[in-house]
Amino acid sequence: MRSALSTFAIGVLSVAVITVATVSPATASTVSSGGGTLQLGPPTLIWEHALGNDLVTYEDGSLGFAGTLAGTGTIDVLALVSSTGSETFVAHWSALATVDGRSGLLNITLDGTDDGTYSGTLVAYGTGSLAGVVGQGRFTGQDATGAGTYTLSYVDS
């Protein structure tokens with residue numbers, strides 16, 4: 001025998017499932033694509049620690065985007081540097097920026113490798129005036145100049 005509470009919970013769950021199942025595809029967000037250039041400034045080493053034959057480093061620096069994304073901010077980078085000098089890193093960037101002309105605070109997490117050429121993936125999300133903007137993409141560039149390019153696919157709901 002079901003209690004009134006479990007019957008109510010099943011009813012609410014059923015309504016939620018039916019509601020989600022009947023949402024029109026027209027309400028789905030449209031995916032936009034773009035890209036542009038990026039410029040990585042010289043890093044400042046904050047700290048480093050040996051980890052076996054590897055080195056863990058924490059750096060900060062500047063990173064600027066032009067194109068679909070436009071803005072310059074500080075990037076914080078945590079990297080594992082192998083004995084051969086190649087790096088695996090994760091970084092966070094946050095700045096006032098524009099996405100296709102819409103301004104607000106944008107946050108980007110970058111995940112990649114660096115062996116003289118840096119590359120990887122990025123995930124972006126906006127807050128404040130850019131709330132609803134989420135995206136993902138790729139980036140690549142040269143250590144010698146810091147110059148690179150990026151691509152981005154995003155929605156603005």
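Reader: What should I keep in mind about numbering and cut-offs?
Author: Residues count from 1 along each chain as its sequence is written, and side-chain values rest on heavy atoms, with hydrogens and water left out. The model is predicted, and local features need pLDDT of at least 70, side-chain atom pairs count only at pLDDT 80 or more, and totals for chains, interfaces and linings use all residues.

Reader: What makes up the protein chain in terms of helices and strands?
Author: There are one helix and nine strands, in the order α-β-β-β-β-β-β-β-β-β along the sequence.

Reader: Which strands does β9 pair with?
Author: β1 is one of them, antiparallel over eight bridges, with A147 in β9 as the bridge partner of Q39. β8 is another: nine antiparallel bridges join β8 to β9, and Y154 in β9 is the bridge partner of G135. β8 and β9 also form a hairpin with four residues between them, where G146 in the turn has a positive phi of about 80°.

Reader: Why is the pair of F89 and F139 called tilted?
Author: Rings of Phe, Tyr and Trp (its six-membered ring) pair if their centres lie within 6.5 Å; planes under 30 degrees apart are stacked, over 60 edge-to-face, and the rest tilted. The centres of F89 and F139 are 6.3 Å apart and the planes stand at 45°, so this pair is tilted. It links distant parts of the chain, with F89 in β5 and F139 in β8 (residues 133-142), 50 residues apart.

Reader: What makes Y118 and F139 an aromatic pair, then?
Author: Their rings are 6.4 Å apart centre to centre, with 35° between the planes, and the pair is tilted. Y118 lies in β7 (residues 117-127) and F139 in β8, so the pair ties together parts 21 residues apart in sequence. Y118 has 5% relative accessibility, so it counts as buried. In total the structure holds five aromatic pairs, and ring pairs also link F65, W93 and Y150 into a cluster.

Reader: What makes something a nonpolar core here, and which residues touch the most other members?
Author: A nonpolar core is a set of buried Ala, Val, Leu, Ile, Met, Phe, Trp, Tyr and Cys residues joined through side-chain atoms within 4.5 Å. The largest one has 26 residues, and W93, L106, I108 and L110 touch the most other members. β5 gives the most to this core, with six residues.

Reader: How do you know that there is a pocket, and what lines the largest one?
Author: On a 1 Å grid over the protein atoms alone, a pocket is an open set of points where a 1.4 Å probe fits, with protein on both sides within 12 Å along at least five of seven lines; lining residues have an atom within 4 Å of a point. The largest pocket has a volume of about 380 Å³, meaning the space filled by probe spheres set on points joined across faces, edges and corners. Of its 21 lining residues, L40, V77, D114, Y118 and D143 are the closest to its centre. The largest share of the lining, five residues, comes from β3.

How values were computed: Helices (H or I, at least four residues) and strands (E, at least two) are DSSP runs, numbered from the N terminus. Buried means under 20% relative accessible area, exposed over 50%, partly exposed in between (1.4 Å probe, protein chains only). Two strands pair if DSSP finds at least two bridges between them.
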